[in-house]
Amino acid sequence: MENTTLAHHLLLAGLLFALGLTGVLVRRNLLVVYMCLELMLTAATLALVAFSRFNRTMDGAIFVFFIITVAAAEVAVGLALIVALYRRRGSVKSDELVTLRD
Amino acid sequence: MPDGLFIFFAALTLGAASLLVLSRNAVTSAMGMILALVGVAADFFLLDAYFLGVLQVLVYAGAVMVLFLFVIMLLTDTAESAEAYPWKSAALGLAVFFFLAAGAIWLFVWSGAVPGTAAGATPPELSANPSEFVTAAKGFGRLLYTKYLLPLEIAGFLLLVALVGVVSLSKDPVEENA
């Protein structure tokens, strides 16, 4: 722990965020795109925890607590939306879902 | 030079996240996501945020990813991997990744914008800090019921709204018309 500085943790968070954004841009399966979105959110929480630890304050960690709560609710609603979309359109591929009507 | 555990878990996290992005099978992607989340939880432990690490494994790697796996196995057909690979968007994604990664490396390693202090040095503007960093879960409880009471109530209400929303979204549309 002594030799690991704030910059190392921020670098890991930045690379994770870059990977997540790449996944959102590249993948066609809506479920995988959604997982990549979650990965970006997790990368942001990692940066928050690192800042919180290295500044010796608790507020960033509390913020992460709320982010985890909101992410759980968001995943439940988002997956329900994707299932409803699949029922109506029969696909979860983003390049087949380009029209608003059936 | 960071210590060995950090390097190990950082490599594990980044490798699993690459598996999530690159694998053409959605179930393999979900497994990579679980591994990446466990790696992030391990990093939380290395940052002395033990409560958040446990919460990450329980909520994210546990509940959320089980939900994801259920829906993936429900909706995804296994024949999809025979499709042509989207080279154009893959090139765009690779360019974006290298752009962002180079930016992150420049900002956090070379630019000197991040102070290289080890954990423990309190910055002067936080010297009168009412919420000192503690590793015990007790610290969360104390702050959640004093300084962050209103956000806590709103978070609880948000969970209720999500619950009602999911139930109303999951109702069968055919059943409604009857």
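Reader: Which residue with a positive phi follows α2(A)?

Author: A:R56 follows α2(A), and its phi is positive, near 55°. This is a predicted model: local features need pLDDT of at least 70, side-chain atom pairs count only at pLDDT 80 or more, and totals for chains, interfaces and linings use all residues. Residues are numbered from 1 along each chain as its sequence is written, while chains are lettered from A and ligands numbered from 1 in the order in which they are written.

Reader: How do I read a positive phi?

Author: Start with the general rule. Most residues other than glycine have a negative phi. Now this case. A:R56 sits in the loop between α2 and α3 of chain A. Helices are DSSP runs (H or I, at least four residues), numbered from the N terminus.

Reader: Is A:R56 buried or partly exposed?

Author: A:R56 is partly exposed, because it has 17 C-beta neighbours inside 10 Å. Buried means 20 or more other C-beta atoms within 10 Å, exposed means 12 or fewer, and partly exposed is in between; C-beta atoms are placed from the backbone.

Reader: Which residue of chain B has a positive phi near 65°?

Author: B:D48, a residue other than glycine. B:D48 lies in the loop between α2 and α3 of chain B. B:D48 counts as partly exposed because 17 other C-beta atoms lie within 10 Å.

Reader: How do I read a nonpolar core?

Author: Nonpolar side chains tend to be buried together in soluble globular proteins. A core here is a set of buried Ala, Val, Leu, Ile, Met, Phe, Trp, Tyr and Cys residues joined through C-beta atoms within 7 Å. The largest one has 73 residues, and A:M35 is among those with the most contacts inside it. The largest share of this core, 15 residues, comes from α2(A).

Reader: Which residues does A:M35 contact, leaving aside neighbours within four places in sequence?

Author: B:L20, B:S29, B:A30, B:M33 and B:F68. Contact means C-beta atoms, placed from the backbone, within 7 Å.

Reader: How many residues of chain B are in contact with chain A?

Author: 77 residues of chain B are in contact with 62 residues of chain A. The chain B side divides into 58 nonpolar, 15 polar and 4 charged residues. Ala, Val, Leu, Ile, Met, Phe, Trp, Tyr, Cys and Pro count as nonpolar, Asp, Glu, Lys and Arg as charged, and the others, Gly among them, as polar.

Technical notes:
Helices (H or I, at least four residues) and strands (E, at least two) are DSSP runs, numbered from the N terminus. Two residues are in contact if their C-beta atoms, placed from the backbone, lie within 7 Å.
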